[in-house]
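Open your viewer, and let us walk through this model one selection at a time. Each stop says what to select and what you will find there.

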Amino acid sequence: MPSYELSLILRQMSRPDMVATLKRTATAIFDKGGIIRKLDNLGTKPLPFKTSAHGLVHRSGSYFVFKFDTPPSAIDDLDEEYGRDVDIVRKRIYRADATQLEEITCTLHEELLPPAYRKDVQKMIATAERNKTKKVFQYNTGLDYYPFQK
């Protein structure tokens, strides 16, 4: 199943109401056969401009990001369902980048080595030695002296 990101802006509401809205959002993903990988709360912030949604004007909202996997056929249904939810001011579903989902390898054994034996430090030293020879500027005037005051 492909990975998606759902960015939500919820209207400003009490904490229990917000929890209920997030549960509704998560249940919709589960009902369509999806798996939620991560939920990020980005906090409550003022909106960049006043926004009208479901007949109300909103000036601040709570920002959330869901990272989830679901079949592609369920995306339109989720988008439609979230569009009808009166507590959601804005919603966008993005396809997650495959490059962001690459597997992370543990490098603890490398990081515990002394700096002189680490591969990344050796690479930096090699780069510094390559750049050690300073290039001398050569004047292409054909004269054996610099014609401007130095």
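Start by selecting helix α1, residues 15-31. (Helices here are DSSP runs of H or I with at least four residues, strands are runs of E with at least two, and both are numbered from the N terminus.) At 1.5 Å a residue, its 17 residues should span 24 Å, and the end C-alpha atoms are 24 Å apart, so the two agree. The expected span is 1.5 Å times one less than the number of residues.

Before moving on, a word on the model. It is a predicted one, in which local features need pLDDT of at least 70 and side-chain atom pairs count only at pLDDT 80 or more, while totals for chains, interfaces and linings use all residues. Residues are numbered from 1 along each chain as its sequence is written, and side-chain values use heavy atoms, with hydrogens and water left out.

Keep α1 on screen and colour Met18, Thr21, Leu22, Thr25, Ala26, Ala28 and Ile29, which are its buried residues. Buried means under 20% relative accessible area, exposed over 50%, and partly exposed in between, with a 1.4 Å probe and protein chains only. Now look down the helix axis: these buried residues fall within an arc of 150°, so they line one face of α1. The arc is taken from the directions from the helix axis to the C-beta atoms. An α-helix has 3.6 residues a turn, so residues three or four places apart point the same way.

What covers the buried residues? Show β1 (3-11), β2 (35-53), β3 (56-69), α2 (75-84) and β4 (88-95), which are included in that cover.

Zoom in on Thr21 in α1. Thr21 counts as buried because its relative accessible area is 0%. Neighbours within four places in sequence aside, Thr21 is in contact (heavy atoms within 4.5 Å) with Leu10, Met13, Asp85 and Asp87. Then step just past the end of α1 to Gly33, which has a positive phi of about 90°.

**The nonpolar cores**

Next, select Leu8, Leu10, Phe66, Phe68 and Tyr82. Of the 17 residues in the largest nonpolar core, these touch the most other members. Such a core is a set of buried Ala, Val, Leu, Ile, Met, Phe, Trp, Tyr and Cys residues joined through side-chain atoms within 4.5 Å. The elements giving two or more residues to this core are β1, α1, β3 and α2, and α1 provides the largest share, five residues.

Which residues surround Leu8? Setting aside neighbours within four places in sequence, Leu8 is in contact with Thr25, Ser62, Tyr63, Phe64, Phe66, Ile88, Arg90 and Lys91.

**Salt bridges**

How many salt bridges does a search of the whole structure find? The search finds eight, each a side-chain nitrogen of Lys or Arg within 4 Å of a carboxyl oxygen of Asp or Glu.

- Select Glu5 and Lys67: their closest N and O atoms are 4.0 Å apart. This pair links distant parts of the chain, with Glu5 in β1 and Lys67 in β3, 62 residues apart.
- Select Asp69 and Arg37: here the closest N and O atoms are 2.8 Å apart. Asp69 in β3 and Arg37 in β2 are 32 residues apart. Asp69 is buried at 7% relative accessible area, whereas Arg37 is exposed at 56%.
- Select Glu80 and Arg84: the closest N and O atoms are 3.0 Å apart. Being four residues apart in α2, the two are separated by about one helical turn.
- Select Arg11, Arg24, Asp85 and Asp87: salt bridges that share partners join them into one network.

**Last stops**

Go to Asp40 in strand β2. Beyond residues up to four places away in sequence, Asp40 touches Tyr63, Phe64, Val65 and Lys67. Asp40 and Ser7 are 33 residues apart in sequence and 9.4 Å apart in space, C-alpha to C-alpha.

Finish at His54, in the loop between β2 and β3. The phi of His54 is near 55°, a positive value in a residue other than glycine. His54 is partly exposed, with a relative accessible area of 41%.
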